[in-house]
Amino acid sequence: MTAAKLRNGDYVPDGVGGFASASGAEAVLERVYFLLTARRGKFPLLPEVGSRLYQIFREKPSARGALGASYAAEALAGERDLRVLGAVWEEESQTLTVSVAWEDERLDVTLDASDLVIGT
């Protein structure tokens, strides 16, 4: 698997006029990052793409980890060979760490508050 690298909704330049790409576990993490930060319903022809993580701030901090895991599982449901293991909300740093299993490997994606409100 190969995927383009994205940061804050933009492709990452490769320094020679193109865009950086990733493969293997890094590509999986890029895909997970995209699906978790894209706002669900923003793609008219693919309304199921993305997550509802932007809604996480509607809940009290103690419920955000469980809600984050639920929203992440919903966003990643269509991805083969990926399973959400859980999510942890850190109130002090305002980050959500989502853990997924891929090919018997645990991968973690940490999203900060600005990642969670992209596209709102």
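Helices (DSSP runs of H or I, at least four residues) and strands (DSSP runs of E, at least two residues) are numbered here from the N terminus. The exercises concern a predicted model, in which local features need pLDDT of at least 70 and side-chain atom pairs count only at pLDDT 80 or more, whereas totals for chains, interfaces and linings use all residues. Residues are numbered from 1 along each chain as its sequence is written, and side-chain values use heavy atoms, with hydrogens and water left out.

**Exercise 1. Overall architecture**

State how many helices and strands the chain has, give their order, and compare the radius of gyration with that of a compact globule.

Solution. The chain contains three helices and seven strands, and reading from the N terminus the elements follow one another as β-β-β-β-α-α-β-β-β-α. The radius of gyration is taken over C-alpha atoms, and the globule rule is 2.2 Å times the number of residues to the power 0.38. For 120 residues a compact globule would have a value near 14 Å, and the chain, with 14 Å, agrees with this. The C-alpha trace spans about 45 × 35 × 30 Å along its principal axes. To describe burial, a residue is called buried under 20% relative accessible area, exposed over 50%, and partly exposed in between (1.4 Å probe, protein chains only); buried residues account for 38% of the 120 residues in the chain.

**Exercise 2. Salt bridges**

Count the salt bridges, and work out which parts of the chain are linked by the pair Glu 79 and Arg 31 and by the pair Glu 74 and Arg 52.

Solution. A salt bridge requires a side-chain nitrogen of Lys or Arg within 4 Å of a carboxyl oxygen of Asp or Glu, and by this rule the count comes to four.

1. The side chains of Glu 79 and Arg 31 form a salt bridge with an N to O distance of 3.1 Å. This pair links distant parts of the chain, with Glu 79 in the loop between α2 (64-76) and β5 (82-90) and Arg 31 in helix α1 (residues 25-37), 48 residues apart. Glu 79 counts as buried at 18% relative accessibility, whereas Arg 31 is partly exposed, with a relative accessible area of 33%.
2. In the salt bridge between Glu 74 and Arg 52, the closest N and O atoms are 2.9 Å apart. Glu 74 belongs to helix α2 and Arg 52 to the loop between α1 and α2, so the pair ties together parts that are 22 residues apart in sequence. Glu 74 is partly exposed at 29%, and Arg 52 is partly exposed at 28% relative accessibility.
3. Asp 108 and Arg 106 also form a salt bridge, their closest N and O atoms being 3.3 Å apart. Here Asp 108 is partly exposed, with a relative accessible area of 40%, while Arg 106 counts as exposed at 56%.

**Exercise 3. A positive phi in two loops**

Locate Gln 94 and Asp 104, and describe the backbone phi of Gln 94 and of Asp 104.

Solution. Most residues other than glycine have a negative phi. Gln 94, in the loop between β5 and β6, has a positive phi near 55°, and is partly exposed at 25% relative accessibility. Asp 104, in the loop between β6 (95-102) and β7 (105-112), has a positive phi near 60°, and is exposed, with a relative accessible area of 85%.

**Exercise 4. Surface patches**

Identify the residues that form the negative surface patch and those that form the nonpolar surface patch.

Solution. Patches are made of residues with over 30% relative accessible area and no salt bridge, like charges being joined within 9 Å and nonpolar side chains (Val, Leu, Ile, Met, Phe, Trp, Tyr) within 5 Å. Accessible areas come from the Shrake-Rupley method with a 1.4 Å probe, and for residues only the protein chains shown count as cover. Lys and Arg count as positive and Asp and Glu as negative, without His and the chain ends, and a charge is placed at NZ of Lys, CZ of Arg, CG of Asp or CD of Glu.

1. The negative patch consists of Asp 81, Glu 103, Asp 104 and Glu 105.
2. The nonpolar patch, of about 330 Å², is made by Phe 43, Leu 45 and Leu 46. Leu 46 lies in the loop between α1 and α2 and is partly exposed, with a relative accessible area of 44%.
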